[in-house]
Each structure stands twice: as C-alpha cells, then as structure tokens.
Amino acid sequence: MQPRNMSMSGVVDLAAVKAAGEAKAKSEQARAEAARQAGQAGGAGPSAGAVPPSALVVDVDEAGFERDVLQLSAEVPVVLDFWAEWCEPCKQLSPLLERLTLEANGRLVLAKVDVDANQMLMQQFQIQGIPAVFAVVAGQVLPLFQGVAPEQQIRDTLAQLVQVAEERFGIIGLEVDPNAEGAAPVASATDEIPAGPYDALLEAAVVALDAGDLGGAVQAYKNVLADDPGNTEAKLGLAQAELLTRVQHMNPQAVRAAAAENPRDPAAQIAAADLDLVGGHVEDAFGRLVDTVRVTFGEDRDAVRLRLLELFEVIGADDPRVSAARTALARVLF
C-alpha cells in the first residue's frame, strides 16, 4: 500500500497520526500475509498482533511490575494474584484464576506475585493476608477480594471488571492466537504487500477529505468498517473525519468563552476539547475532559467520558498521552 497524506490544515498533527496508523496497518497486513503463506505451506501462522495463550498468565516481580502490570493495564485489565508456596488456600484459588483467565480469551491477564520474593509489593498493597486479589485497569489499582471465594462469585467479579474496562476506558483486551507459540517468523513490515481489498474505498475517503466533503469521507470509512470492523486505517480516519465535522462550523472564540464561563457544563467543555485537539493541544483536550468527568455525574459524566474515548481513537491507543489520560480517567472514576 502506498502512503496517502491527508490535507487537514490546522488539525492536530493528523498527518503524523495517520502515518503511524498506516504503518501499523501495513505491519498487520504483513503478518496476515505471512499467516496466509504459512497456511498455504501447510502451517498455521499467528493472527495479526495476537499473543499466545501462555502470555495471559505470567509471574511478575518488583523489577518488572511497571512494565508487566501498570503499562499493560492500558491495553487489558490485569488481575493480581498474591500467593505463596506455603499458602494452602492459594493452591485452590490460583488454578481457578488461571482457568477463568484463559476462558476470558484475552479480555484479562493474570499476574501472579509470590509475596515471599516480593515483600515490597506486599507492603505497597497493604496486604494483611493471602490469597489476596487485586486488579489494575488503566494504571488504577482496584481491590477485588481476599481469601477463597466461590467460583460463580469470582466469575461475576471478573465479568464486571471486563465490563468496566470496556465501557469506561475503551480497553478491550488482547487478541489471542492458540497457534502463536512456535509459529513461523513474521514477515517484515517493510516487505512489499499486495494492495488490500479496501484500498479503493480508503482512497476515496482521503479524496473526499481533501475536497472538504466530510460527509462523504465519514460514509466511505463506515463502508469499510461495515465489512471489516477491525480495519485500523478506517477506524482512525473515521474518528478524524467525525472530529472535523463537529468543529467545522464552530466559532472558536464563542466556544472558548462558553467553556471558561461554565466549567461544569459538559456540552461547553466537550466542544472546547474538540477545538483543543484540532489545534494540536492534545494534553489540554484530555485534561479538560478528565476534569469535567471529576465534577459531573450521571448522564452528563457518561457523555463526557464517551467523548474522551472518541478522542483517544483520533490519537491512537499506542500514544503515551492516551495511556496517561486513561490512567487519569481511572483515578477520577474510582
């Protein structure tokens, strides 16, 4: 696929964002092509971006806690199982947690912490007895339960955790490929990849954007997503086109004046955040909406939270500013 540049003068570095999205899409195409070729050769290749089932249950220690738990929690809820070899109840609970995690098929990761080898973590979590189970979502620590609970109760608790992660933070977990272990090497993302089946529609969307036909661009991206809901370029393009549609007729001075006069007004703050993002002030946009979530309730809070999740789509989940904002959002919600 040849790179395509979008003419979006004045918009938050969307050209760079789109380039990153296209690079990711090309990498995923490379993996898909490698999988297809492996299948033709009689083998099974890994799905694009997928992890093996063994990656869903891991042992963590103090040295790797930030990487293996805190950073990962921006992509998938991480359940922490504090245990010890001498703990008999732990020997009942840990296998159950492992089984339920594998059944969740990527919507959870289980991180096991041996308290004897990680006394500092035990102190930081103020654990009085084991087994003790916590969760980390978007960098925010949530206590779940202590001791051995009935299986159905644990199932319900984990289901609620998954629901909270998806609905409040847009965290949908990891893709799992049971054939990923021992799979053939993935093709390089720089290899030439044949044009994909949606290139014509994606090109039409870009042309529409360049011509100022935002409605046409939105529809073109939706057409792609109707057949391929996971298409990276279409999701990114749709989020950008919808943002541009919202701001195209705004009076910036009036919008910012209304936001300054009404700091608790969700609609005023949402409109100002859209302008912030279009103007390249990403942290300001995210911070404005996180602050508004803090001071609103009910339907107003949900409206602000959902707009924040939409703006995350514009920037992309891999951007560190998105991860930081997810963590900030978790802190004000819990």
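Visitor: Hi! Before we look around, when do two strands count as a pair?
Guide: Hello! Two strands pair if DSSP finds at least two bridges between them. In this predicted model, strand 4 and strand 5 pair in the antiparallel sense, over six bridges.

Visitor: Nice. Which residue stands opposite Val133 in strand 5?
Guide: That is Phe145 of strand 5, which stands opposite Val133.

Visitor: And how many residues lie between strand 4 and strand 5 in the hairpin?
Guide: There are two residues between them. Ala138 sits in that turn and has a positive phi of about 55°.

Visitor: Okay, and what about Gln126, is its phi positive or negative?
Guide: Positive, at about 55°, although Gln126 is not a glycine. You'll find Gln126 in the loop between helix 4 and strand 4. Pro131 also has its place in the loop between helix 4 (119–124) and strand 4.

Visitor: Is the peptide bond from Ile130 to Pro131 cis or trans?
Guide: The bond from Ile130 to Pro131 is cis, and its omega is near 0°.

Visitor: Let's zoom out. In what order do the strands of the sheet come?
Guide: The order is 1-3-2-4-5, with five strands forming an open sheet of mixed pairing. Strand 1 (57–59) and strand 5 (140–146) are at the edges with a single partner strand each, so one side of each has no neighbour in the sheet. From one strand to the next, the twist averages 25°.

Visitor: Which way do strand 2 and strand 3 run, parallel or antiparallel?
Guide: They run parallel, and six bridges join strand 2 (residues 78–83) to strand 3 (residues 109–114). As an example to look for, Val79 stands opposite Leu110 in strand 3.

Visitor: Which strands does helix 3 lie across?
Guide: Helix 3 (residues 88–104) lies across strand 1, strand 2, strand 3, strand 4 (132–137) and strand 5. The helix runs at about 155° to strand 3.

Visitor: Switching topic: how do helix 11 and helix 13 cross?
Guide: The axes of helix 11 (residues 282–295) and helix 13 (residues 320–333) cross at roughly 10° and come within 9 Å. Angles under 35 degrees count as roughly parallel, and helix 11 and helix 13 are therefore roughly parallel to each other.

Visitor: Which residues make that contact?
Guide: From helix 11 they include Phe286, Val290 and Val293, and from helix 13 they include Ala325, Leu329 and Val332. By class, the contact of helix 11 with helix 13 has ten nonpolar, no polar and three charged residues.

Visitor: Last topic, pockets. What volume does the second largest pocket have?
Guide: The second largest pocket has a volume of about 160 Å³. Among the residues lining this pocket are Leu100, Arg107, Leu158 and Val162.

Visitor: Which helix gives the most to that lining?
Guide: Helix 5 does, with four residues. Helix 3 and helix 5 (151–169) each supply at least two residues of the lining.

Visitor: How do the lining residues divide by class?
Guide: The lining of the second largest pocket has six nonpolar, no polar and three charged residues.

Technical notes. Residues are numbered from 1 along each chain as its sequence is written. This is a predicted model: local features need pLDDT of at least 70, side-chain atom pairs count only at pLDDT 80 or more; totals for chains, interfaces and linings use all residues. Side-chain values use heavy atoms; hydrogens and water are left out. Axes are lines fitted to C-alpha atoms, for helices over the stretch in contact, and angles run from 0 to 180 degrees between N-to-C directions. Contact means heavy atoms within 4.5 Å. Angles under 35 degrees count as roughly parallel, over 145 as roughly antiparallel, 65 to 115 as roughly perpendicular and the rest as oblique. Ala, Val, Leu, Ile, Met, Phe, Trp, Tyr, Cys and Pro count as nonpolar, Asp, Glu, Lys and Arg as charged, and the others, Gly among them, as polar. On a 1 Å grid over the protein atoms alone, a cavity is a set of points where a 1.4 Å probe fits but cannot get out, and a pocket is an open set with protein on both sides within 12 Å along at least five of seven lines; lining residues have an atom within 4 Å of a point. Grid points are joined across faces, edges and corners, and a volume is the space filled by probe spheres set on the points.
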